[in-house]
Amino acid sequence: MNHWLMKSEPEVFGVDDLAKSPRRTTHWNGVRNYQARNFMRSDMRVGDLAFFYHSNCDEPGIVGVMKVVKTGYPDHTAFDRNDDGFDPDSDLEQPRWYMVDVQLQRKLAQPITLVKLREHANRALKGLALLQRGNRLSVTPVSAAHWDFILELA
DNA sequence: GCCAACGTTGGC
DNA sequence: GCCAACGTTGGC
């Protein structure tokens, strides 16, 4: 089983939105970066676990744990002219963008803030993609060791 | 294939 | 709102 970290801006779609979704499940649409897409399209498996990370907000950090419940399939919002993620170059026959379905397993009682994670950047969390200099990928892998360590911070 | 211009991300 | 980092675009 693989582990992941997936970013979302809480003002757009936060952990509370997921908690309120039917079956606490949503399709993770809107990823428009090839590397992040590749992770979703090719590497995510049903049963994989992912941290829900709030980005671009007052207190960036991990706020929940999700489970992948459906593997990669075409992101239909890329074909929606009225969607922010509309991509006129995406081809119905050969979709460019993919998404997965994720289900909220639990919302953390306390967020694990980016500040907190950074405290371990040079030791236990050395190499965590989220903490790499300049990293902007919205979907990144998390090693099993990092995953376990972060959960203990919760 | 190079690379300047441009747009986006996301922490601060 | 600022701006560093990075990805993409497109002219050459």
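Colleague: How many bridges join β4 to β5, and in which sense do the two strands run?
Modeller: The model is predicted: local features need pLDDT of at least 70, side-chain atom pairs count only at pLDDT 80 or more, and totals for chains, interfaces and linings use all residues. Residues are numbered from 1 along each chain as its sequence is written, chains are lettered from A and ligands numbered from 1 in the order in which they are written, and side-chain values use heavy atoms, with hydrogens and water left out. Strands are DSSP runs (E, at least two residues), numbered from the N terminus, and two strands pair if DSSP finds at least two bridges between them. β4 and β5 are joined by 10 bridges and run antiparallel.

Colleague: Which residue in β5 is the bridge partner of Met66?
Modeller: β5 covers residues 98-113. There, Met66 is bridged to Leu104.

Colleague: What is the strand order of the sheet?
Modeller: The sheet is open, with 6 strands and mixed pairing. Its order is β2-β5-β4-β3-β1-β6.

Colleague: Why is one side of β2 and of β6 left without a neighbour, and which residues do these strands cover?
Modeller: Both stand at the edges of the sheet. Each has a single partner strand, so one side has no neighbour in the sheet. β2 covers 25-27 and β6 covers 139-142.

Colleague: Which residue in β5 partners Thr25?
Modeller: β2 and β5 pair in the antiparallel sense over 3 bridges. The bridge partner of Thr25 is Gln103.

Colleague: Which residue in the turn between β3 and β4 has a positive phi?
Modeller: β3 and β4 run antiparallel, joined by 6 bridges, with Phe52 opposite Gly64. They form a hairpin with 6 residues between them. The turn residue, with phi about 55°, is Asn56.

Colleague: At what angle does helix α5 run to β3?
Modeller: α5 (residues 144-153) lies across β1, β3, β4, β5 and β6. Axes are lines fitted to C-alpha atoms, for helices over the stretch in contact, with angles from 0 to 180 degrees between N-to-C directions; contact means heavy atoms within 4.5 Å. The angle to β3 is about 55°.

Colleague: Which residues are around DNA strand B?
Modeller: A residue is near the strand if one of its heavy atoms lies within 4 Å of it. They are Lys7, Tyr53, Ser55, Asn56, Pro60, Leu114, Arg118 and Arg136.

Colleague: Which side chain has a polar atom 2.6 Å from a base oxygen of DNA strand B?
Modeller: A polar contact is a pair of N or O atoms within 3.5 Å. Lys7 is 2.9 Å from a phosphate oxygen, and Tyr53 lies 2.7 Å from a phosphate oxygen. The base oxygen contact belongs to Arg136.

How values were computed
Helix = DSSP H or I, 4+ residues; strand = E, 2+ residues; numbered from the N terminus. Polar contact = N/O pair within 3.5 Å; in protein donor to acceptor, adjacent residues only side chain to side chain.
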